[in-house]
Amino acid sequence: MRSHLKPIAAACGALLLGATVTACGGASTADSKAREVTVYSADGLKSENSGNSKEGGGFYDKVFKDFKRRTGIKVNYVEGGSGAMVQRLIREKSNTKADIVVTLPPFIQQAAGKGLLAPYKPQGSERVAAGDKDAGGAWTSIVNNYLCFIYNSKELKQPPKSWQDLLDGRFKGKLQYSTPGVAGDGTAVLVKAMHDFGGKDAAMGYLKKLQANNVGPSSSTGQLAPKTDKGELLVANGDVQMNYANMKSMPHQGIFFPAASPTGKPTTFALPYAAGLVKGAPHSANARKLLDYLLSEDVQREVSAVGGGFAARTDVKATDANATALAQIMKGVEIFQPDWADIDKNLRSYIEDWKSATSS
């Protein structure tokens, strides 16, 4: 589902919010009794303009600040691509630094499958739909979301309607999508293509053609939004929450969902931000408190009002202006359910097939 992290080897240079995390590879100095908690997260929930009071900050900005005020617990924040966050957890497994990880599917399932998560069912998780959480408590969605594409609404009067439109020569060097296997949203492009084209081979055949217009790999979905807003790109991938949330500062973004064919309906699928307690977390008690807080009714009501996303709790029915606008964006879009078990099992081979097809 977002990734400001450089290649995995440069993980130590990830952005931090409010504190510094112990350097990679060194002995951990984490104090289990410290009033802090470290969150590794996919990008999108923290405002790109968190330092600008006019923008009001993002969901994480407000929630972490409120959490510290209420509990005295400071949140250390590390941001990167969903895949990169899981890889970092693997590297640090013998010297765990993160307390909570937040990624998009299928990477949260991957983290659970690799034994990186500890079971914990946060307060409020009983109100989250069964399909949006792990039955054993390894993870639960905290913000619901959907894959989308964005276009420069200043340069294009109308968005592309189908995948076929994206092959047009006018998009040569003006189209980019984040890297499958690294960014959650980039992996989502691959999932959507396989669904819309009716299988892996047809999807790979299409993406091979699309490569003629593609700028090239990008480990960050979040960085594509400002490029699209400025007109450096005309089309990019994204997700509804992230792109809707930054429209105030990037007004030339338009959201669209390409259809499988020129006569087909636009399609997408749920791409929630899912959170899990990291196994061996140095501040596990604080992590549980934060997970409980993220799923509290008050915070879930802020998912749309502050974050521009969709509440994970089914009993929270937002009626704010953002919720109304988001409902309009999703109107008429066909939502399908990916086979996450298959994707989790075969993701590596799908990524290798994509690399082969696109020579990436």
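**Surface, strands and spaces: a working chat**

Q: How much accessible surface does the chain have, and what share of it belongs to carbon and sulfur atoms?
A: The accessible surface of the chain comes to about 15,000 Å² (Shrake-Rupley method, 1.4 Å probe), and 50% of this surface belongs to carbon and sulfur atoms. The model is predicted, so local features need pLDDT of at least 70 and side-chain atom pairs count only at pLDDT 80 or more, whereas totals for chains, interfaces and linings use all residues. Residues are numbered from 1 along each chain as its sequence is written, and side-chain values use heavy atoms, with hydrogens and water left out.

Q: And how many of the residues count as buried?
A: Of the 360 residues of the chain, 55% count as buried, a term that stands for under 20% relative accessible area, with exposed set at over 50% and partly exposed in between (1.4 Å probe, protein chains only).

Q: What does the secondary structure come to?
A: The chain has 11 helices and 14 strands, taken as DSSP runs and numbered from the N terminus, with at least four residues (H or I) for a helix and at least two (E) for a strand.

Q: Why is β12 largely enclosed?
A: Strand β12, residues 273-278, has six of its six residues buried, so the rest of the structure largely encloses it.

Q: Which way does β4 run against β12, and how many bridges join them?
A: Strand β4 (residues 100-103) runs antiparallel to β12, with four bridges joining them, and strands are said to pair if DSSP finds at least two bridges between them. Within β4, Thr 103 stands opposite Ala 274 of β12.

Q: What stands opposite Ser 141 in β12?
A: Ala 274 in β12 stands opposite Ser 141; strand β6 (residues 140-144) is antiparallel to β12 and pairs with it over three bridges. Strand β5 (residues 117-118) also pairs with β12 in the antiparallel sense, over two bridges, and there Ala 118 has Leu 277 as its bridge partner.

Q: Changing topic, which peptide bond is cis?
A: The bond from Pro 105 to Pro 106 is cis, with omega near 5°, and Pro 106 lies in the loop between β4 and α3 (107-113).

Q: What is the phi of Ser 359?
A: Ser 359 is not a glycine, yet it has a positive phi of about 55°. Ser 359 is found in the segment after α11 (340-358), where it is exposed, with a relative accessible area of 69%.

Q: Now the spaces: how much lies in the second largest pocket?
A: About 370 Å³, where a pocket is an open set of points on a 1 Å grid with protein on both sides within 12 Å along at least five of seven lines, and lining residues have an atom within 4 Å of a point. Its lining holds 17 residues, with Gln 87, Gln 110, Leu 347, Arg 348 and Ile 351 nearest the centre, and α11 gives the most, seven residues.

Q: And how much space is in the largest cavity?
A: The largest cavity holds about 50 Å³, a cavity being a set of grid points where a 1.4 Å probe fits but cannot get out. Its lining includes Phe 149, Trp 163 and Tyr 177, while β9 gives the most, with three residues.

How values were computed:
Points joined across faces, edges and corners; volume = space filled by probe spheres on them.
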